[in-house]
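Got the model open and wondering where its labels come from? Let's go through them one by one.

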Amino acid sequence: MKKFDLQDVERAFEKIKPYLRTTPVVESLFLNNNEREYFFKLESLQPVRSFKIRGALNKILSLTNAEKRRGVVTISSGNHGIATAYASQLLGIEKIEVIVPIGTPNNKIEKIEHFGGQVKQIGKNYDEAHIQGMQYVKKSEMNYIDSYYSDPLIYSGQGTISLELMQQLPLLDTIVIPIGGGSLITGIAVAAKSINPAIRIVGVQTAACPAMIEAIKNKKFYEEYPTKDSICESLVGGIGRLSYEMLPTYVDELIAVDEAEIADAVAYMAKEEKIIAEPGSCTTVAALRNYGEKIGGSVVAAIISGGNIDEKLFYNLLA
């Protein structure tokens, strides 16, 4: 399987930079202590309110004009679908299809459609949507825009976060990153460790679906993974093959946080830090608040990967 390195991430950065903003890094108002400074890298402020735009843009910018005319198709729990639709519309692609699981939050479906995507709801969860969706993709003549499984262009795009972050925080020694399929943490880790091998990479999953934690512990690839009820719909399901092959070399610590800790973190971010972040993003905040000693470091950045939280869920968590 083709892998990627820092040079691929740097090339991706040059390609996508004209289309994106540099997302801000803000210091925590309340988490800092005598030992550590905590910062948030707000990918939730990208045009599509998630980091997914980086990988999607890098992939779609690689398509030929003939490929663009055939259109694009992807499978997503929401954020990647929004990013694919936005990037495709930005680059003049007219045919955009996005397969999502039944029960995907309405706010994510509405954003996909707002950016010109045609939504197909398949399967009761992400793993089912992915299995059934890939059967549809193989029959289609459209270009598949991978979310996390094995495309190095997607991983390289996500890794561009490292290049910004390490310029914004020169003394940074620890990065805390949410894990779903694994493209975000793997992209960031490969680039960051290539620049500074001493930097600490900490991955966080919901205990409702610790697929990457179990994969690395058991040395077993989980393309699918059983999931308990979770408010982190963007993080559930199996992991990417490329991430499984590359991440163990780069990650220093893996932490599982429970659903109550994540729910508290969403409310904390809104009420105290004045930042709206979706539950999947707030796994990192839950880890900072509950497992600071395990995370370690002195200048610590948590990736706030998205802000596309369902309105009803958000109100419930605040209450």
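**Why these labels?**

Leaving aside neighbours within four places in sequence, T84 is in contact with A56, I60, V72, T74 and I145. T84 sits in helix α4, and all of this comes from a predicted model.

Q: Why is T84 called buried?
A: Buried means under 20% relative accessible area. T84 has 0% relative accessibility, so it counts as buried.

Q: What makes the residues listed for T84 its contacts?
A: Contact means heavy atoms within 4.5 Å. A56, I60, V72, T74 and I145 meet that cut-off with T84.

Q: Why is R11 called exposed?
A: The label needs over 50% relative accessible area. R11 comes in at 51%, so it counts as exposed. R11 belongs to helix α1, and its C-alpha atom is separated by 9.2 Å from that of T160, 149 residues apart along the chain.

Q: Which residues of α1 are buried?
A: In α1, which covers residues 6–16, they are L6, V9, A12, F13 and I16.

Q: How do you know that these buried residues line one face of α1?
A: Look down the axis of α1: the buried residues fall within an arc of 115°, so they line one face of the helix. The face turned away from that buried side carries the exposed residues R11 and E14.

Q: What covers the buried residues of α1?
A: The cover includes α2 (52–60), α7 (152–168) and α8 (183–195).

Q: Why is A191 called buried?
A: The limit is under 20%, and A191 has a relative accessible area of 0%, so it is buried. A191 is found in helix α8. Not counting residues up to four places away in sequence, A191 touches L6, V9, G159 and S162; L6 and V9 are among the buried residues of α1. The C-alpha atoms of A191 and Q158, 33 residues apart along the chain, are 9.8 Å from each other.

Q: What makes a set of residues a nonpolar core here?
A: The members are buried nonpolar residues joined through side-chain atoms within 4.5 Å. The largest such core has 44 residues, and those with the most contacts inside it are L172, I175, I177, I201 and I303. At least two residues each come from β3 (72–75), α6 (126–139), α7, β7 (174–178), α8, α9 (211–218) and β10 (299–304). The largest share, five residues, is supplied by α8.

Q: What does I177 touch?
A: Setting aside residues up to four places away in sequence, I177 touches L184, I185, I188, I201, V202, G203, V204, T284 and I303. There is also a second, separate core of 33 residues, which includes L31, M269, L288 and A302.

Q: Which residues of α9 are buried, and what do they pack against?
A: A211, M212, I213, E214 and A215 are buried in α9. The buried residues of α9 pack against β8 (200–206), α10 (241–246) and β9 (253–257). Following α9 comes K219, whose phi is positive, near 55°.

Methods: Residues numbered from 1 in each chain as written. Predicted model: local features only at pLDDT ≥ 70, side-chain atom pairs only at ≥ 80, totals over all residues. Heavy atoms only, no water. Buried < 20%, exposed > 50% of the residue type's maximum accessible area, 1.4 Å probe, protein only. Helix = DSSP H or I, 4+ residues; strand = E, 2+ residues; numbered from the N terminus. Arc of directions from axis to C-beta.
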